[in-house]
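Here are a few exercises on helix packing and aromatic pairs. Have a go at each one before reading its solution.

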Amino acid sequence: MARSPASLFRVAAAGFVLAREGAFGIVETGDLPPQAVLLVRIARLFERRSARIEDRGARISAALNRLGPSYVKLGQFMATRPDFVGQDVADALGKLRDEIEPFGELAARLVIQRDLGKPVEELFLTFSPPIAAASIAQVHKASRQRADGTVDFVAVKVLRPGVRGRFQRDLSTFYAGAGLVEAVDPAMHRLRPVAVVDTLARSVSMEMDLRLEAAALSEMAERTKGDPGFRVPAVDWARTSRDVLTLEWIDGVKLSDPAAIEAAGHDLRAVAVRLMQAFLRHAMRDGFFHADMHQGNLFVDPAGDIVAVDLGIMGRLGKAERRFLAEILYGFIRRDYLRIAEVHIEAGYVPPRHAPEDFAQALRAIGEPIHGQPASDISMGKLLTLLLEITGIFDMQTRPELLMLQKTMVVVEGVARSLDPEFDMWSASEPVVREWIERNLGPAGKLEQAASGLGELGRAATTIPALLENGARIAAQLGEATRDGITLSPETVEAIGRAEGRGNRWLMIGIWAVAALLAVLVLR
């Protein structure tokens, strides 16, 4: 993407704010090229004195909050890149919550009337002032009359006016900044900062169409139908549009309040296990998971079920990625480092020029320290973080879908441990991982793969008549063209003659040049 003067000016303005808040103090300059080191030193001249005594995470969080909602969203996204910003900064960024001032009830009513074609009074019986607000939207509590005459409550999410233009402008700044990073330090190409902004842009564009969030809720409801202890709110499609989303109101306790969950009669340990197993089931079985599962988006309802809301950011994993996840987790459980290495190479994540045995040796450096420790001290999210870091040594390119998975796993694990400080990640995960392995890599899975292969072969076979017909037609046309020999037009013959003449001239020039060189050598 071209870097316009306006976007470069905004990069400079953002850089100044980052410099004032001491954000450049987090940069390790040891491995940077000289020009980048100089830029960091100049930026640090603008630091506030108080910023120098703050920790790294606090510095960058303060800077992003000063820059506004788009930068908070960027910070949340960069929390998925501990290899880029460092683990402590990634942890601080992961705590960023874009909780900002609401834009008012009147503006929300105007958006609803414009988008749904009716005033709020015709759509809802009651409509509250905003009860929560973020960078992209805010939420109101309303009541509606259902088709059967009953009345219930709903949550109405309304997109912030003008937010699309603001994010588009800021995205152009992010692209310019990412391009400058790659230009200053070619080593950054492996981290693909521009590709990271691409992923952020896609994510934000989907978040800004609330119909897509409604579709994600609908798909998640279908996939998890019958799953124990997990559900999502139902969508009111008649009151949903691009800028308005209406959902079933959830009466429950947020997972950010363990004391209230316990007071409501729920077992905190059981809730923690239920949460982790639900996430792994969605990621491994369905390849479709809620990628923003922090405490504020999760409730426990009166029945003890976990209810997830705010499905604006979803992650998807293909079959190869799901197999990758299951096999590496199972491999670390069994300490089979060679198999983990082979899985990386088979999936195409690590180039085959690297010996599996060498990669297995590096993986052993990750896996062995965790064995012998109490299960409650072992973090699967941190393990995946270390895995993604060490794969860089073996030329593994950044995989955005795996980064989103790793980031979500870290968050989910953190929520589970906030409910149960002694949470055993491995014992909670093992039944789901083992079930997936047995179902997909065991005899039943192999039979299903064979049946799928036969289906593909059958579909390919249906195209054979068309291929034969096309082949016969091409052969007939070729026979017709060459029946009396290949005839060239006068223009073609003349063009070939000119090209041949040019070729001969260059050939003669080359011969004379070689002859002259030989003469010089002989005369010496």
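**Exercise 1.** Work out how α15 and α16 are oriented to each other.

*Solution.* α15 and α16 are oblique to each other, because angles under 35 degrees count as roughly parallel, over 145 as roughly antiparallel, 65 to 115 as roughly perpendicular and the rest as oblique. The angle between α15 (residues 337–346) and α16 (residues 356–367) is about 120 degrees, and their axes are 8 Å apart. Next, the hand: α15 and α16 cross in a right-handed way. On the α15 side, the contact (heavy atoms within 4.5 Å) includes Tyr337, Leu338 and Ile340, and on the α16 side Pro356, Phe359 and Leu363 are among the residues involved. Sorted by class, the α15–α16 contact has nine nonpolar, two polar and three charged residues.

A word on the ground rules: this is a predicted model, where local features need pLDDT of at least 70 and side-chain atom pairs pLDDT 80 or more, while totals for chains, interfaces and linings use all residues. Residues are numbered from 1 along each chain as its sequence is written, and side-chain values use heavy atoms, leaving out hydrogens and water.

**Exercise 2.** Describe the ring pair formed by Phe279 and Phe289.

*Solution.* Start with the count: the structure has three aromatic pairs (ring centres within 6.5 Å; planes under 30 degrees apart are stacked, over 60 edge-to-face, the rest tilted). Phe279 and Phe289 pair edge-to-face, at 5.7 Å centre to centre and 90 degrees between the planes. Phe279 sits in α13 and Phe289 in β7, so the pair ties together parts 10 residues apart in sequence. Finally, Phe279 is buried (under 20% relative accessible area), at 0%.

Notes. Axes fitted to C-alpha atoms, helices over the stretch in contact; angles between N-to-C directions. Helix = DSSP H or I, 4+ residues; strand = E, 2+ residues; numbered from the N terminus. Left-handed = near helix turned anticlockwise from the far one by under 90°. Nonpolar A, V, L, I, M, F, W, Y, C, P; charged D, E, K, R; others polar. Phe/Tyr/Trp six-rings, centres within 6.5 Å; stacked < 30°, edge-to-face > 60°. Buried < 20%, exposed > 50% of the residue type's maximum accessible area, 1.4 Å probe, protein only.
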